[in-house]
Amino acid sequence: MTLAISDLGSPIQHGGNLAMARALFPWAPEPWIDLSTGINPHSYPHTPIPGNVFARLPEPSSLERLKTVAAEAYQAPSPSHIAAGPGTQILLPIIAELVAADGKAAILSPTYAEHARAAAMAGFQVLETDDLDHLSTASLAVIVNPNNPTGRIVSTDDILALAKIMAAKGGLLVVDEAFMDVSEAQSVAGDVGDGGLIVLRSFGKFYGMAGLRLGFAIGDPKITARIDERLGPWAVSGPALHVASEALADGEWQAAMRLKLSTDAARLDAALSAAGIPVFGGTSLFRFIHDRRAQGLFHNLGEHGIMTRRFSERPDDLRLGLPDKKDWTRLEAALGRF
């Protein structure tokens, strides 16, 4: 399926829009339970942020310290292979501009819609395809691994083989590992030194701090230097530097949280199964449903003040994130009445 630039004129719908939920279900009980994103409901318990972090511009040394910690956490070859920005969303169009837009961008789909938008805005003809082999025909290729929203995993061997093809022709493979923190898949961040490959990592999802706005691009130092130059100084806020430098180094919390999320995901699966809804895929941060009753479930939960993520172009698909501890009873009761 080819996606023309004209197809991107209207805003892309994402999760997290409670105003839209209230408009759709004006009589739903408050407060809303927002399950429309794949953000961890258990935020990282960082130490207090010093007041001077808000009062001063971020120090370059603090950014370098963050890159060092991130390189170790993500197993990147070195800190120079890391570029940090205010969320991976900001990095998408910058990365698309790294490749001459004289041909085609191919995106393994269905997936996160902003990749197609960024490529189209950079001047590419965008092909959204479910065939991995089609990606090698493009000069810019994109794989979200594990995929959002389906949870599909592409093997490391397939990714590295494609990266080799892209490097040989001066192209670029972008692998978005936004949910890799909770995946059984293997990251390819350590393989970016061979060229033709750039890996994205999102901080806010696993650490439950999406509002902090922090993301990383991992690639050849020549590429990350260009990204840094394009971002300019102070791209990462002082509070983000403080929190992320702690969180990325806290292996004990990370291990405990992966276990917690796995347990929570199993509980959500059981609640959906009791309601007669099979889980089609996902990760331990979100569950993916592909079922003819998806729209009915969306409306049923919406009427109970529970927001989920539906997809207008794929009415049989629905994504549910995890509830906070206090919201489980209400969610399970609503599912029991479906």
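Tutor: Let's start with a definition: buried means under 20% relative accessible area, exposed means over 50%, and partly exposed lies in between (1.4 Å probe, protein chains only). Keep in mind that this is a predicted model, where local features need pLDDT of at least 70, side-chain atom pairs count only at pLDDT 80 or more, and totals for chains, interfaces and linings use all residues. Residues are numbered from 1 along each chain as its sequence is written, and side-chain values use heavy atoms, with hydrogens and water left out.

Student: Why is Arg 213 called partly exposed?

Tutor: Its relative accessibility is 40%, which falls between the two cut-offs, so Arg 213 counts as partly exposed.

Student: And what makes its phi worth a look?

Tutor: Phi of Arg 213 is positive, near 60°, and the residue is not a glycine. You'll find Arg 213 in the loop between β8 (197–202) and β9 (215–218); helices (H or I, at least four residues) and strands (E, at least two) are DSSP runs, numbered from the N terminus.

Student: How do you know which class Asn 148 belongs to?

Tutor: Asn 148 has 10% relative accessibility, so it counts as buried. It sits in the loop between β6 and α6, and it touches Pro 110, Thr 111, Tyr 112, Phe 179, Phe 286 and Arg 319, leaving aside residues up to four places away in sequence. Contact here means heavy atoms within 4.5 Å.

Student: What is the peptide bond between Asn 148 and Pro 149 like?

Tutor: That bond is cis, with omega about 20°. Another cis bond runs from Glu 30 to Pro 31, where omega is near -5°. Pro 31 is in the loop between α1 (18–24) and β2 (33–34).

Student: Which residues of α9 are buried, and what covers them?

Tutor: Among the buried ones are Trp 253, Met 257, Leu 261 and Leu 268. The cover includes α8 (238–247), β11 (286–290) and α10 (294–303). After α9 comes Gly 276, with a positive phi near 85°.
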